[in-house]
Amino acid sequence: MYPWLDPSGRFSFFKLAVFVALLVPGIVLLWPVIVEGGATIPVKEAILESGEWTIRILLITLLVTPLRRITRFSKLVQVRRQIGVAAFCYVMIHFGLYAISQNLDVGRIASEIVLRVYLTIGFVALFGLAVLTATSTKSAMRRLGAKWGRLHKLVYPIAVLGVVHFFLQSKVDVSEATLMAGMFVGLMLYRFAHWRGWSLRSAVTLSVIAVITGLATAGIEYAWYALATGIPADRVVAANLEWMWPLRPAWNVLLVGVAISVISLFGRDKPARSWIARLVGNSSVTVEASSR
């Protein structure tokens, strides 16, 4: 099925918009590589960017279900597979560019994957995404039956492996990796809240999750610097307590959580949406009255 068609085969502007949004980053990061004919610097930059986009898109895949529960926007389910397949495409770009940087030397690539822990972790995550992508079709769902759901829960450890790979590859500056780790914690907290029966349509629940996630993100960054580097971790704590630009990962994660809390007010049957509907309705009545 074409990525711009809904399950009934009709054109969907929503699915087309999502498809284009997923396509644009790939074009942007690959364009310098193509223009420069595979020069070393553009390839190295594209390797990093494609890896970052892989994790971002994978986390967006995990966001679909909580966001659908929060907003009751059922069409989000239609793009979940599309986003998941995009994550696999980006990880293949990531791996392909790495192979190019190694002059497509299969022996060298294999030995690097075996000897370097962060590459081993990344390759396991890639293999996991390949399995999930291959079994994401309706025919695979029918064949696997109840096993399909258990198999696709592997997306959670795969996301963890991706974040760990990001940390190990980033070495000193782990701001982006910390941000991704914090987002993953938030996504797991949404699922935990739903499992406990707490409403994800409650702004209070979502606000509490936002605060806990922000604190957890600060803790992750502190733990990394305390355990893995020689940088004084107390400086990281002090930086996280300050409002400065660019914002620390903990603040960014907190703001994203707050934004989702605000978005929840505009979901179906929520007060903000009803207020806007009444406002638009009253404005229409005023315009009609003034035109008479």
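Which helices do the buried residues of α11 pack against? This tour of a predicted model begins with that helix and then moves to several salt bridges.

**Stop 1: helix α11**

Select residues 233-241, which form helix α11. Within this helix, colour Ala233, Val236, Ala239 and Asn240, which are buried. Now turn the view until you look down the axis of α11: the buried residues fall within an arc of 110°, so they line one face of the helix.

Next, show residues 203-228, which are α10, and residues 249-264, which are α12. These two helices answer the opening question: the buried residues of α11 pack against α10 and α12.

**Stop 2: Glu221 and Arg248**

Stay in this region and show the side chains of Glu221 and Arg248. They meet in a salt bridge, with 2.1 Å from N to O. Glu221 belongs to helix α10, while Arg248 is in the loop between α11 and α12, so the pair ties together parts that are 27 residues apart in sequence. Are these two residues buried or exposed? Both Glu221 and Arg248 are buried.

**Stop 3: Glu52 and Arg56**

Select helix α2, residues 40-71. Show Glu52 and Arg56, which both lie in this helix, four residues apart, or about one turn of the helix. Their side chains form a salt bridge of 3.2 Å, N to O. Buried means under 20% relative accessible area, and exposed means over 50%. Arg56 has 23% relative accessibility, so it counts as partly exposed. Glu52 has 22% relative accessibility and therefore also counts as partly exposed.

**Stop 4: Glu112 and Arg116**

Move on to Glu112 and Arg116, and show both side chains. The two meet in a salt bridge, at 2.5 Å from N to O. How does each residue of this pair count by accessibility? Glu112 counts as buried because its relative accessibility is 18%. Arg116 is at 40% relative accessibility, so Arg116 counts as partly exposed.

How many salt bridges does the count come to? The count is five. Among them are the pairs Glu221 and Arg248, Arg56 and Glu52, and Glu112 and Arg116.

Terms used
Residues are numbered from 1 along each chain as its sequence is written. This is a predicted model: local features need pLDDT of at least 70, side-chain atom pairs count only at pLDDT 80 or more; totals for chains, interfaces and linings use all residues. Side-chain values use heavy atoms; hydrogens and water are left out. Buried means under 20% relative accessible area, exposed over 50%, partly exposed in between (1.4 Å probe, protein chains only). The arc is that of the directions from the helix axis to the C-beta atoms. Contact means heavy atoms within 4.5 Å. A salt bridge is a side-chain nitrogen of Lys or Arg within 4 Å of a carboxyl oxygen of Asp or Glu.
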